[in-house]
Amino acid sequence: MPARHEVHEAEIRRRIEEIVTGVKAKDLGGLERLYATDVVSFDVEPPLRHMGVAAKMSNWERVFTAFRDVTYEVRDLTVTAGEEVAFGHCFGRLAGTLEDGTATSGIWVRATFCFQKVEGTWLIVHDQASVPLDIRSGQGVTDLEP
């Protein structure tokens with residue numbers, strides 16, 4: 001029988017897979033169910049901090065408006081889970097066809113998901129997506145691959 005933390009880690013991996021599925025389906029409702037109402041998101045787009053599930057869904061809505069079809073790929077996912085909190089980090093990449101018909105392979109970002117068990121359900125309470133910074137130019141480095 002698997003240890004309790006292994007069961008929780010498997011649940012978190014399933015939740016992250018639900019993000020992948022929700023993005024591909026452009027399913028805002030499905031994605032919204034994965035986040036706590038007071039989620040704090042440090043996304044790649046300004047401002048520095050997005051507060052609340054409405055702000056997070058606004059970010060996803062902008063993605064879905066920009067893409068005719070979209071995929072989200074996760075690589076090198078590592079998960080650590082306790083009884084009430086868990087986190088995962090990975091590389092993530094949005095790709096697909098933009099609304100103007102341009103195909104894009106996207107850029108890899110570093111992604112972190114922090115979960116809390118809320119009334120028996122693992123919800124994302126914090127997430128962060130970032131790219132490395134070239135200190136000399138002050139620009140994000142977007143051509144790296146895992």
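**Figure 1. The lining of the second largest pocket draws its largest share, three residues, from β7.** This is a predicted model, in which local features need pLDDT of at least 70 and side-chain atom pairs count only at pLDDT 80 or more, while totals for chains, interfaces and linings use all residues. Residues are numbered from 1 along each chain as its sequence is written, and side-chain values use heavy atoms, with hydrogens and water left out. A pocket is found on a 1 Å grid over the protein atoms alone; it is an open set of points where a 1.4 Å probe fits, with protein on both sides within 12 Å along at least five of seven lines. Lining residues have an atom within 4 Å of a point. Helices (H or I, at least four residues) and strands (E, at least two) are DSSP runs, numbered from the N terminus. The second largest pocket has a volume of about 160 Å³. Volume here is the space filled by probe spheres set on the grid points, which are joined across faces, edges and corners. F42, D43, V44, E45, P46, P47, L48, Q128, A129 and S130 form the lining. By class, six of these residues are nonpolar, two polar and two charged. Nonpolar covers Ala, Val, Leu, Ile, Met, Phe, Trp, Tyr, Cys and Pro; charged covers Asp, Glu, Lys and Arg; the others, Gly among them, are polar.

**Figure 2. The largest pocket has 25 lining residues.** Its volume is about 520 Å³. D43, V44, W60, V63 and L94 lie nearest the centre of the largest pocket. D43 and V44 are also among the residues that line the second largest pocket. Which element gives the most to the lining of the largest pocket? That is α3, with six residues. At least two lining residues each come from α3 (53-66), β3 (67-81), β4 (85-98), β6 (108-118) and β7 (121-130). The lining holds 14 nonpolar residues, five polar and six charged.

**Figure 3. Strand β7 pairs with β1 and with β6.** Two strands pair if DSSP finds at least two bridges between them. Strand β1 (residues 35-42) runs parallel to β7, joined by four bridges. S41 has D127 in β7 as its bridge partner. β6 and β7 are antiparallel, with nine bridges. Here K117 stands opposite W122 in β7. The hairpin of β6 and β7 has two residues between the strands, and E119 takes a positive phi near 50 degrees. Is β7 enclosed or open? Seven of its ten residues are buried, so β7 is largely enclosed by the rest of the structure. Buried means under 20% relative accessible area, exposed over 50%, and partly exposed in between (1.4 Å probe, protein chains only).

**Figure 4. Strand β4 pairs with β3, β5 and β6.** β3 and β4 run antiparallel, joined by twelve bridges. A hairpin of three residues connects β3 to β4. E73 has R93 in β4 as its bridge partner. β4 also runs antiparallel to β6, over nine bridges. With strand β5 (residues 103-104), β4 forms two antiparallel bridges. G96 is partnered by T104 in β5. Four residues lie between β4 and β5 in their hairpin, where G101 in the turn has a positive phi of about 95 degrees.

**Figure 5. E17 and E73 have C-alpha atoms separated by 9.5 Å.** These residues are 56 apart along the chain. E17 belongs to helix α1 (residues 4-24). With a relative accessibility of 46%, E17 counts as partly exposed.

**Figure 6. The cysteines C90 and C114 have sulfurs 12 Å apart.** A disulfide is a covalent bond between the sulfur atoms of two cysteines. The rule used here asks for a pair of cysteine sulfur atoms within 2.5 Å. The count comes to zero disulfides. The cysteine sulfur closest to that of C90 is in C114, and 12 Å is too far for a bond. C90 is buried, at 5% relative accessibility. C114 is partly exposed, because its relative accessible area is 22%.

**Figure 7. The protein chain has three helices and nine strands.** From the N terminus on, the order is α-α-β-β-α-β-β-β-β-β-β-β. The C-alpha atoms fill a box of roughly 50 × 35 × 30 Å along the principal axes. The radius of gyration, taken over C-alpha atoms, is compared with a globule rule of 2.2 Å times the number of residues to the power 0.38. A compact globule of 146 residues would have a radius near 15 Å; the protein chain has 16 Å, which agrees. Of the 146 residues, 36% are buried.
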